[in-house]
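Here is a short briefing to read beside the model. Take a look at the structure first, and then we can walk through it together.

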Amino acid sequence: MSKRGSLDPIIMVRDLTKTYRSKREGLVNALDPVSFTVEEGEFVCLVGPSGCGKSTLLKILAGIVERTSGDFGIRHRGHAATDCHIGLVFQSPVLLPWRTVLHNTLLPAEVLALDRGAAEQRARELIALVGLAGFENSYPSELSGGMQQRCAITRALLHDPPILLMDEPFGALDAMTRDSMNVELLRIWAESRKTVFLITHSISEAVFLADRVLVMSQRPGRIIDEIRPELSRPRDFDSMTTPAFGEAVRRIRRKLGMDGRSKSYDG
Amino acid sequence: MTGEANVKAPIKTRHERSFGARLRRLIDAGLGFLVLCALVALIEAIVRVFAVPSYVFPAPSEIVKALYSGFAESIFSRSAYYMHITTTAIEALASFVIGSSLGVVVGALIIQFSLLRRIVLPYFIGLQSVPKVALAPLFVVWFGLGISSKIVLGVLLTFFPLMINTAAGLASVERERLELMQSLKASGWKTFRLVKLPSALPFIFAGLEMAAAYAVLGAVVGEFVGGTSGLGVLILNRNAVLDVAGSLAALIILAVMGIGLQRAVVAARVRVLFWAPSQDILVD
């Protein structure tokens with residue numbers, strides 16, 4: 001519930017659409033016009049059924065996929081050291097297996113030609129922040145899935161981007177690791193003071209993490225609801241048992257047509 | 001400075017293997033050698049018992065004698081092996097280095113520039129199915145009886161596996177790795193150097209192993225068609241005087257050469273690709 005930066009949204013999306021050509025289905029409408037904003041320092045989750053176009057939306061924001069129409073803007077202050085204002089975390093860690101934890105973390109420094117000494121110092125701080133200290137020289141194959149995803153987070157944070165974009169970052173982990181990674185993520189978010197835009201198909205995860213949850217419909221994706229869970233920060237596992245948590249989850253579930261009769265939702 | 005500079009020794013080195021595992025390998029090797037010895041002894045016995053003439057099939061002891069006399073002669077003698085070995089080794093190594101390098105470069109260019117791929121790749125794929133050794137007589141006409149005609153043939157043979165494998169490796173890089181680089185607004189060259197080329201290395205090394213065999217093949221076929229020295233020439237000369245033992249002795253040297261080059265590639269792969277799952281059926 002950050003009250004910083006209430007002047008201007010850091011992410012602004014207006015009437016964004018995406019249509020692509022598929023071999024089987026012809027022209028596919030992945031995104032209906034989508035509009036929303038994210039304030040600086042805010043933690044926003046986008047929740048929706050699989051295949052609703054939420055990953056496409058994230059890839060448009062990350063500059064990986066071209067939009068079909070509409071507009072989006074990412075505000076950045078002038079003092080940013082690089083042209084890259086986002087850090088991206090995928091569902092899988094996407095670490096380079098021939099690089100150690102330290103050198104995977106340093107990848108953005110090489111791409112963006114940052115000062116090597118300063119970058120390495122920052123990398124070591126980030127590795128400590130996510131709890132990987134002592135594993136700087138380990139290779140990804142020597143790490144567990146959760147540890148690999150921690151390294152993916154250090155890499156996304158290395159160039160100090162104001163915005164962290166996360167696409168189901170813990171979706172590939174087992175439920176127990178996933179819960180503890182979410183608590184960790186909130187801690188990292190609080191310490192690094194980033195704006196986080198996270199995509200998930202887990203309603204409870206979205207409610208647990210977010211200042212604000214955007215609910216997306218089935219394809220073509222539209223934003224059909226926006227919820228501010230009334231949970232105090234810092235949150236921990238106990239937050240999940242409060243009435244406010246249950247209320248927010250129930251409301252999103254209803255919005256997605258999951259009232260116990262519909263079988264359309266596979267998340 | 002580069003990603004490659006970070007590549008260190010394999011995670012699990014030979015020295016870290018347990019004593020038991022090393023003992024087992026030693027026993028395996030010993031048993032394998034015993035089987036070989038038994039086989040050789042069996043052939044020796046059959047040849048002697050049935051009095052097979054040496055111009056049909058020589059006893060293994062004859063081959064060993066031929067090998068010995070070939071190496072015992074003066075280094076500069078024409079009937080000694082040294083000059084022939086040097087010629088063939090230079091041809092094979094030069095073919096391997098030049099052909100593989102060209103293959104990697106062309107394979108990379110073809111993937112990096114889609115215009116080139118669309119225009120040139122169909123021809124390369126068509127050429128790949130042409131039996132290239134059939135060109136050996138032409139190469140002797142065009143490039144002479146010296147080593148250059150053999151190197152051209154070897155280059156042609158080693159080029160294709162590397163070109164195709166490099167292209168396949170670069171084309172099959174995990175999409176998310178490329179998206180990661182895109183999100184960092186990486187240039188094409190940085191994406192190539194930091195992600196695509198290292199990701200393609202397992203394919204490139206598979207190509208190099210094929211090329212190691214093709215390089216020796218190119219040298220020998222070239223020498224068969226027309227040459228003045230080399231192990232291929234030696235085999236023809238020995239055959240012409242019905243010295244089958246001498247032919248087989250030269251063949252054994254060729255085999256050692258081919259195996260040596262192939263094992264060198266494997267050793268390089270184990271060092272460089274310590275991070276990739278091993279495909280070597282000899283290393284468990």
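Is the crossing of helix 5 of chain A and helix 6 of chain A left-handed or right-handed? The crossing is right-handed, where left-handed would have the near helix turned anticlockwise from the far one by less than a right angle, and right-handed has it turned clockwise.

This is a predicted model, in which local features need pLDDT of at least 70 and side-chain atom pairs count only at pLDDT 80 or more, while totals for chains, interfaces and linings use all residues. Residues are numbered from 1 along each chain as its sequence is written, and chains are lettered from A and ligands numbered from 1 in the order in which they are written. Helices (H or I, at least four residues) and strands (E, at least two) are DSSP runs, numbered from the N terminus.

**The helix pair in chain A**
- The axes of helix 5 (residues 145–157) and helix 6 (residues 175–192) of chain A come within 11 Å and cross at roughly 20°; axes are lines fitted to C-alpha atoms, for helices over the stretch in contact, and angles run from 0 to 180 degrees between N-to-C directions.
- That angle makes helix 5 of chain A roughly parallel to helix 6 of chain A, a label for angles under 35 degrees, with over 145 counting as roughly antiparallel, 65 to 115 as roughly perpendicular and the rest as oblique.
- Helix 5 of chain A contributes A:Gly146, A:Gln149, A:Ile153 and A:Leu157 to the contact, and helix 6 of chain A contributes A:Thr177, A:Met181, A:Ile188 and A:Ser192; two residues are in contact if their C-beta atoms, placed from the backbone, lie within 7 Å.
- These contact residues divide into four nonpolar, four polar and no charged (Ala, Val, Leu, Ile, Met, Phe, Trp, Tyr, Cys and Pro count as nonpolar, Asp, Glu, Lys and Arg as charged, and the others, Gly among them, as polar).

**A sheet in chain A**
- Three strands of chain A form an open, antiparallel sheet in the order 2-1-4; two strands pair if DSSP finds at least two bridges between them.
- Strand 2 (26–39) and strand 4 (69–74) of chain A are the edge strands, each pairing on one side only.
- Strand 1 (residues 9–22) of chain A is joined to strand 2 of chain A by ten bridges, and A:Ser22 has A:Gly26 as its bridge partner in strand 2.

**Where the chains touch**
- In all, 24 residues of chain A are in contact with 19 residues of chain B.
- Helix 3 of chain A gives the most to chain A's side, with four residues.
- By class, that side has 15 nonpolar, five polar and four charged residues.

**Chain B**
- Chain B has ten helices and zero strands, and its C-alpha trace spans about 75 × 60 × 35 Å along its principal axes.
- Buried residues make up 35% of its 284 residues (buried means 20 or more other C-beta atoms within 10 Å of a residue's own, exposed 12 or fewer, and partly exposed in between, with C-beta atoms placed from the backbone).
- B:Thr228 is in the loop between helix 8 (188–225) and helix 9 (231–240) of chain B, and is partly exposed, with 13 other C-beta atoms within 10 Å.

**Backbone points to check**
- The peptide bond from A:Arg233 to A:Pro234 is cis, with omega near -5°.
- A:Ala113 has a positive phi, near 55°, and is exposed, with 10 other C-beta atoms within 10 Å.
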